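Mentor: Let us go through this structure together, one question at a time, so that each answer can be checked against what is on display.

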Amino acid sequence: MSQPINIRLFELVLGVSLGIMLGHFSAIPMPDSRLIYLSISLVLIISYLLSFYLNPKLWWICRIWFFTLWIALGCLHFTWSRALPDSASAELDQHPLKAKDLSGEKATHLNAVVIKHRLKPWGQTTRYMAHYYQKNSHKPTRIVLLCRDTTLIQLLGPDKTLWTNSSPKIIERNKNPGGFDQKSYYYSQGIEFAMTLSANQVYCWRLHPLSLRAKAQKINTKLAQYWRDAAISAQAQALALAIILGQTQDLTIEVKSQFASAGALHVLALSGLHVGLVVLLLQWLLRPLKALPFGIKIQAVILLVLLWSYAFICGLSPSITRAVCMFSIWQIAQIIGRPVSGSNSVLLCLILLLWWSPYWLFSVGFQLSFSAVMALTYLPSRLKKIWRPQNRIYRYFIQLSTVGAAAQIGVGPLSIYYFHQFPLMFWLSNLIVLPLMTPLLILGLSNTMGSLITDIPNIFFELWDELLHVILKAVVWIASHEHMLLKDLNLNQYTLWSYYAIALLLWWGLQHPWVPRKIVFRTFLPYLCCILLAGYISKTLWRRDPVPQLTILHRFDNTRLIVHAPEGFKELFRGKNKMNPDGSDWSRHYGVKLKAEKPLPTVMTFDGLPVIVVDSTGVYPPVNNGIVLLRANANIHFEKLVN
């Protein structure tokens, strides 16, 4: 019999998650000291213990009180982590401003920017996560440091402290409805401010000791250089850096689009798939150790060390750290002699990671990882009990299909909500790509680690290149079936939450050690569905956002107008890029289908008023009492235009 789910651990995870969301969506003031943790914890725990021992019959009141405890602590931990003090402030006070001068000028009231680690670049913009210290302040502000100055980029790194008189700015939300929201993206990493620097804004800098993650990224960069020097194509180099070392900045948009259309985008991002393949390989290599006394524990210890070494050379990225943390819990359970089930290990890993970084709850990668893993810990094992083919080859492909389907059940709604598409050919990608990933990853890691010791013959890199081209051909062939890729899908937030509320209830109820399954389906599930349906009706009746009658969208020399005409909403455009996604984002946000797409005229009428579009030519007709829309750096005489 499989190990049942730990109900106390499930309540802990659910309570802390609800507390983090409460702290995120409500304006709760930040606590000034961790003494608040201690006081609230002691009050709630003591009251819980007293109520339990004085009257054991009221156990359900104790459970509710205990659940309230974790909600309160999760909320406090999230709000307090927004301004977490750092010991580096004391170190900065001990060092005067003596470093290399970059601008040749003297400055007053300089503030320190301590670079922590590198983020993935966006185009030509280099990004770093940094701590910003104001003068006489010991509480740093987490910021994203943006730089396009090639002179300064050469000096930036995780081992630098910069002094500048520039100040960070609050990251603004995307003003285009339904578009990419960089504020939410950075917020999931605990960052609310951004600073853009150039060489003439930095007055001095100095080195400071590298953090563990900075050391990992430095080694990751050094290993990447071996692949850049290899005698293989540029496309193979970019894919090697992504699959082996997690560096995706060299991947082209075309390659990413092909893997996304084929439902194999997870191959390009270091995640639980890569860690799982590494674990299977290491377990096979360390299998002879089981014959020794305490061989299982020795194998677990060695596997634990090698797993974190693998995470270290991958730069300790958040995705690889989460996956290694989950597998580490299984190995630690083997060492202490208390094996843990997949569901309980997921819950334990989830609470540890949320307590380490509560912002991760709002990260897209975090949500996709754990929704997929939670589905994989339950669905394949239950299907295996129902049907298990006798033929090994047939059983292998059935298991691959089952794993792929279970993962899509977990991440499908999230993929539709965030990326607005769903690949129907994901099962074929799993059958073709996943079996080839094992030798590809083994050969890639062997070439990478072997390059540290000696010069690897080009034949091994060429062999890796040939194997990769087989995968690429399969991905391109699958992606060519465009009719099997559902695009422009829309899923509102309430529907998404409802889906995962029902899925979480079933995941909890079907593994509960004391609640019968009949009660789950006959009582809990109908009540939850009624509550969600009532909430949806209430939301539809009383909180319906009106659709604007005229919307102006502008980005990168591309202007679009969405107007409400008698025949429906029309999209009028003028610019170089006709495939600008702003119109489709607007359409998905308001749930309105655009009837037509036409060029934007110079003069048009809306609601009885003339609308004049003036571009870089500066030519406009003599129309009175109209609306003037300026685009493409219109060269006009403003007083003449008004007159």
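**Rings, helices and a sheet**

Trainee: To begin with a single side chain, does Trp 497 count as buried, partly exposed or exposed?
Mentor: Please keep in mind throughout that this is a predicted model. The relative accessibility of Trp 497 is 47%, and a residue is called buried under 20% and exposed over 50%. The value falls in between, so Trp 497 counts as partly exposed.

Trainee: How many aromatic pairs does the count come to?
Mentor: Rings of Phe, Tyr and Trp are taken as a pair if their centres lie within 6.5 Å. By this rule, the number of aromatic pairs comes to 19.

Trainee: Is the aromatic pair of Phe 25 and Trp 497 stacked or edge-to-face?
Mentor: The centres of the two rings, Phe 25 and Trp 497, are 6.4 Å apart, and their planes make an angle of 70 degrees. Planes over 60 degrees apart count as edge-to-face, so the pair of Phe 25 and Trp 497 is edge-to-face.

Trainee: How many residues apart in the chain are Phe 25 and Trp 497?
Mentor: Phe 25 belongs to helix 1, which covers residues 7-25, whereas Trp 497 belongs to helix 19, which covers residues 493-509.

Trainee: Is Phe 25 buried or exposed?
Mentor: The relative accessible area of Phe 25 is 55%. A residue over 50% is called exposed, so Phe 25 is exposed.

Trainee: How many degrees lie between the planes of Trp 227 and Trp 464?
Mentor: These two rings, Trp 227 and Trp 464, form an aromatic pair with 5.0 Å from centre to centre. The pair is tilted, and the angle between the planes is 55 degrees.

Trainee: Which helices hold Trp 227 and Trp 464?
Mentor: The pair ties together parts that are 237 residues apart in sequence, because Trp 227 and Trp 464 lie in separate helices. Trp 227 is in residues 212-228 and Trp 464 is in residues 458-479, which are helix 7 and helix 18.

Trainee: At what angle do helix 7 and helix 8 pack?
Mentor: Residues of helix 7 that meet helix 8 include Trp 227, together with Leu 223 and Ala 224, and among those they meet are Ala 240, Leu 241 and Ile 244 in helix 8. The crossing of helix 7 and helix 8 is right-handed. With their axes 9 Å apart, helix 7 and helix 8 (residues 234-245) pack at an angle of about 145 degrees.

Trainee: Turning to the open sheet of three strands, what is the order of its strands?
Mentor: The edge strands are strand 15 (603-606) and strand 17 (627-630), each of which pairs on one side only. Strand 15 and strand 16 run antiparallel, joined by four bridges, while strand 16 (residues 609-614) and strand 17 pair in the parallel sense, also over four bridges. The pairing is thus mixed, and the order of the strands is 15-16-17.

Trainee: How many of the six residues of strand 16 are buried?
Mentor: On one side of strand 16, Leu 609 stands opposite Phe 606, and on the side of strand 17, Ile 612 stands opposite Val 628. Strand 16 is mostly covered, and the number of its six residues that are buried is five.

Trainee: How far apart in space are Pro 358 and Ser 81, C-alpha to C-alpha?
Mentor: Pro 358 has its place in the loop between helix 13 (342-356) and helix 14 (364-376), and at 2% relative accessibility Pro 358 counts as buried. Not counting residues up to four places away in sequence, Pro 358 touches Ile 20, His 77, Phe 78 and Ser 81. Although Pro 358 and Ser 81 are 277 residues apart in sequence, their C-alpha distance in space is 7.9 Å.

Note on methods
Residues numbered from 1 in each chain as written. Predicted model: local features only at pLDDT ≥ 70, side-chain atom pairs only at ≥ 80, totals over all residues. Heavy atoms only, no water. Phe/Tyr/Trp six-rings, centres within 6.5 Å; stacked < 30°, edge-to-face > 60°. Helix = DSSP H or I, 4+ residues; strand = E, 2+ residues; numbered from the N terminus. Buried < 20%, exposed > 50% of the residue type's maximum accessible area, 1.4 Å probe, protein only. Pairing = 2+ DSSP bridges. Axes fitted to C-alpha atoms, helices over the stretch in contact; angles between N-to-C directions. Left-handed = near helix turned anticlockwise from the far one by under 90°. Contact = heavy atoms within 4.5 Å.
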